[in-house]
Amino acid sequence: MLMQAKPQFDEFDDVFESLMSRVTALQTTEMVPLLAAQNRVLAEDIFSPMNVPDKAISAMDGYALNLKDGTAFLKIAASQFAGPNISEPLAKGECIKIMTGAVIPDNGTAVIPVEMAAIQQRLDGDYLFNPKNELQTQHIKTVGSDIKLGQVLARKGTQLNAKLIGVLSSVGIAEVEVSKRSKVALLTLGDELGTPGKPLANGAVFNANWYLLESLLQKQNIDYLGHWQLQDDLQEIDCKIQQLSKQADLILSIGGSSQGDKDWMPKALSTAQDFQRFKLNMKPAKPLLYAYSGKAHVLALPGNPIAAFFSFQLFAVPFLQKLSGRIYRDFSQPAKESLRLTQAISSTSKLRWMPVIKQDCECVPLQIGSSQLALLCQADGFVRIEANQDYPLGSRVNYWQEL
Ligand SMILES: Nc1nc2c(c(=O)[nH]1)N[C@H]1C(S)=C(S)[C@@H](COP(=O)(O)OP(=O)(O)OC[C@H]3O[C@@H](n4cnc5c(N)ncnc54)[C@H](O)[C@@H]3O)O[C@H]1N2
Ligand code: MOO
């Protein structure tokens with residue numbers, strides 16, 4: 001009797017959850033100089049060790065005075081610059097000239113900006129008209145008005161960016177404890193793969209996934225171990241995975257993951273401690289393999305370039321984020337941003353991830369075949385189109401920017 005296998009599909013949300021449950025953040029940490037910490041993930045909560053400013057300072061170039069001093073004209077007794085604090089408390093009947101950032105004398109209550117000050121020149125020096133209490137603002141930055149002593153500046157798991165690095169330096173921090181970067185290796189599989197820059201053999205295609213994935217990996221906070229292009233040869237693949245799993249935290253492979261006679265990845269991974277083979281009920285990026293050997297995770301992504309791109313965005317990016325101790329992008333949850341469709345999309349039986357061009361609050365969906373990388377270049381990000389659902393013109397869809 002002729003038997004036809006019934007395809008059994010896996011739903012995206014289940015696969016996503018199952019994969020993410022297999023990742024735990026790397027526990028190893030290291031101290032790095034703050035200036036080398038861009039994109040690194042904090043392994044500690046950081047509390048401010050000081051007030052900023054730590055003394056009351058002037059917000060303007062002007063004159064510091066005590067508004068409660070009853071004298072109508074205050075003698076300008078000295079000049080105070082940003083830097084060492086030389087000033088004594090203001091004497092009765094006196095004020096001082098003060099520059100932006102300079103420390104306010106203890107009993108100073110306000111600064112009158114130079115352009116608003118009424119100055120009277122007398123033989124014994126210059127005098128400032130004391131407006132008493134008529135000022136709109138005192139122009140004084142009080143102690144801790146920017147940052148308070150003990151205030152939380154950043155939580156463990158936060159990825160450092162230029163702004164945070166600036167904040168931490170402003171409280172005198174010069175090095176931070178961060179999670180170690182995950183070590184990632186990239187494999188591309190296929191006898192047909194040619195190398196850009198070299199002549200293309202008969203029937204070959206240039207190894208675009210190598211360049212695409214390596215470039216995407218360069219944007220991630222990882223320690224990249226390198227790329228290896230392998231033939232469709234089970235022994236070669238086995239050998240490389242075994243060798244790399246001694247050093248890598250994650251091995252990403254592209255191609256050879258489906259049902260062809262030379263698609264060796266399922267066989268190569270099948271003996272791993274934990275092996276999962278998924279056939280996702282979605283388009284693109286239907287096949288996906290996961291394995292864990294006790295040392296390294298392996299994610300085997302499909303070879304079609306658009307499928308490789310989406311598998312990377314949907315699975316590899318959150319996987320790497322979780323590995324590095326970050327809050328990961330959870331594609332089973334609504335996105336932070338939603339956009340209105342400029343075209344209606346009719347229902348199909350599969351979940352779809354569609355590249356889109358973003359135009360303010362709207363998006364133009366792009367119909368892209370599984371290898372049409374050139375078309376993907378037009379996209380700014382992608383949206384999630386649920387199975388069995390019609391999307392009339394103007395429908396709101398969840399939108400994610402590419403990472
Ligand atoms: N009988 C079935 N056939 C296929 C199925 C299926 O379910 N049943 N799924 C299809 C889908 S969907 C995808 S996606 C692909 C995935 O297959 P593989 O992961 O085994 O990928 P390959 O067969 O190695 O390559 C597919 C395609 O992509 C080109 N390719 C591969 N690597 C690269 C690279 N590094 N740079 C540029 N192009 C690459 C390759 O030449 C093929 O044209 O399977 C379908 N088949
Ligand atoms: O999953 Mo394949 O992604 O459509 O080419």
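1. Gly303 and ligand 1: a polar backbone atom of Gly303 lies 3.0 Å from an oxygen atom of ligand 1, a polar contact being a pair of N or O atoms within 3.5 Å; within protein, one must be able to donate a hydrogen and the other to accept it, and residues adjacent in sequence count only if both atoms are side-chain atoms. The protein covers 69% of the 870 Å² of accessible area that ligand 1 has on its own; such areas come from the Shrake-Rupley method with a 1.4 Å probe, and for residues only the protein chains shown count as cover.

2. A note on the basis. This is a predicted model, in which local features need pLDDT of at least 70 and side-chain atom pairs count only at pLDDT 80 or more, while totals for chains, interfaces and linings use all residues. Residues are numbered from 1 along each chain as its sequence is written, chains are lettered from A and ligands numbered from 1 in the order in which they are written, and side-chain values use heavy atoms, with hydrogens and water left out.

3. In Lys286, an N or O atom of the side chain is 2.9 Å from an oxygen atom of ligand 1.

4. The shell around ligand 1 has 21 residues, and the closest are Glu192, Asn207, Ser257, Lys286 and Gly303; a residue belongs if one of its heavy atoms lies within 4 Å. By class there are eight nonpolar, nine polar and four charged residues. Here Ala, Val, Leu, Ile, Met, Phe, Trp, Tyr, Cys and Pro count as nonpolar, Asp, Glu, Lys and Arg as charged, and the others, Gly among them, as polar. At least two residues each come from β15 (205-206), α3 (208-218) and α6 (305-323). Helices (H or I, at least four residues) and strands (E, at least two) are DSSP runs, numbered from the N terminus.

5. Oxygen atoms of the ligand are 2.6 Å from a backbone N or O atom of Ala285 and 2.5 Å from one of Lys286. For Asn304, a polar side-chain atom is 2.7 Å from an oxygen atom of ligand 2.

6. Strand β23 (residues 351-359) runs parallel to β19 (residues 282-283), joined by two bridges; strands pair if DSSP finds at least two bridges between them. Lys283 is opposite Arg352 of β23. Arg352 also stands opposite Ile385 in β25, a strand (residues 381-385) antiparallel to β23 over five bridges.

7. Four bridges pair β23 with β24 (residues 362-365) in the antiparallel sense, and Gln359 faces Glu362 there. The two strands form a hairpin with two residues between them, and Asp360 in the turn has a positive phi of about 50°.

8. Cysteines. The count of disulfides, pairs of cysteine sulfur atoms within 2.5 Å, is zero. Cys377 is in no disulfide, and its nearest cysteine sulfur, that of Cys363, is 18 Å away. With 66% relative accessibility, Cys377 is exposed, whereas Cys95, at 0%, is buried.

Definitions and conventions. Buried means under 20% relative accessible area, exposed over 50%, partly exposed in between (1.4 Å probe, protein chains only).
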